[in-house]
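Hi,

Here is the structure I promised to pass on. Have a look at it first, and my notes on what turned up follow below.

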Amino acid sequence: MSVYTKTGDDGTTGLYTGERVSKNSIRVQTYGTVDEANSALAMSRAFAKNSDVKDKIYKLQKLMPLLMADLASLNKPPMITAENIAELERDIDAMEATLPPLKAFIIPGDSQAGAFLDLARTVTRRAERLILTLAESEEVHEIDKLFLNRLSDYCFMLMRIEDTM
């Protein structure tokens with residue numbers, strides 16, 4: 001199978017569920033932005049010094065294709081679950097319990113992995129804004145909106161943990 005199919009030469013792409021849509025549709029922009037966040041997570045994991053952070057990022061990366069599949073699908077049940085969100089929340093609470101309270105804004109960049117985690121956080125926030133725009137005109141799973149919101153918080157906490165090394 002060739003890496004190029006020529007099916008997108010007309011400016012359209014196929015969704016996971018088979019429908020053809022414009023490559024610049026909000027839906028495609030949304031899951032493309034999630035893909036960008038996953039790339040930032042990959043850079044974070046490549047540079048992470050804290051093995052627990054590295055493991056947590058890897059687990060996140062395994063969820064990102066599920067989120068992208070949700071966004072690239074029409075009329076299918078979500079692959080992201082309430083348990084995925086609950087796990088993020090438990091981890092956020094556990095990480096926060098180990099850190100001193102924030103007293104000022106954090107300036108990212110104390111470590112390479114921390115800087116990439118902050119990039120993942122901001123790209124995730126952009127994906128969240130896009131999914132909200134998408135939801136104004138098309139159906140999206142509420143669980144995916146919640147997941148993106150928690151994911152950006154999760155990236156922030158991972159950055160704080162990594163930068164304490």
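How many salt bridges does the structure hold? There are 10, where a salt bridge is a side-chain nitrogen of Lys or Arg within 4 Å of a carboxyl oxygen of Asp or Glu.

Before the details, a word on what you're looking at. This is a predicted model, in which local features need pLDDT of at least 70 and side-chain atom pairs count only at pLDDT 80 or more, while totals for chains, interfaces and linings use all residues. Residues are numbered from 1 along each chain as its sequence is written, and side-chain values use heavy atoms, with hydrogens and water left out.

**The core**

The largest nonpolar core has 41 residues. By nonpolar core I mean a set of buried Ala, Val, Leu, Ile, Met, Phe, Trp, Tyr and Cys residues joined through side-chain atoms within 4.5 Å. Buried is under 20% relative accessible area, exposed is over 50%, and partly exposed is in between (1.4 Å probe, protein chains only). V34, L41, F147 and L158 have the most contacts inside this core. At least two core residues come from each of α1 (26–47), α2 (51–71), α3 (82–98), α4 (112–135) and α5; the helices are DSSP runs (H or I, at least four residues), numbered from the N terminus. The largest share, 10 residues, is supplied by α5. As a general point, nonpolar side chains in soluble globular proteins tend to be buried together.

Not counting residues up to four places away in sequence, V34 touches M64, L67, M68, L71, A127 and L148, with contact meaning heavy atoms within 4.5 Å.

**Helix α5**

This helix covers residues 142–162, and 15 of its 21 residues are buried.

E142 and K145 both sit in α5, 3 residues apart, about one turn of the helix. They form a salt bridge, with the closest N and O atoms 2.7 Å apart. E142 counts as exposed because its relative accessibility is 51%, whereas K145, at 16%, counts as buried.

**Helix α4**

R121 and D118 pair at 2.8 Å, N to O, and being 3 residues apart in α4 they are separated by about one helical turn. R121 is partly exposed at 23%, and D118 is buried at 13%.

The other pair is R125 and E128, which meet at 3.1 Å, N to O. They are also in α4, 3 residues apart, about one turn of the helix. R125 has 27% relative accessibility, so it counts as partly exposed, while E128, at 13%, counts as buried.

Is V123 buried or exposed? It is buried, because its relative accessible area is 6%. Leaving aside neighbours within four places in sequence, V123 is in contact with T33, E36 and A37. The C-alpha atoms of V123 and D35 are separated by 9.5 Å, although the two residues are 88 apart along the chain.

Cheers

Technical notes: Expected span 1.5 Å × (residues − 1).
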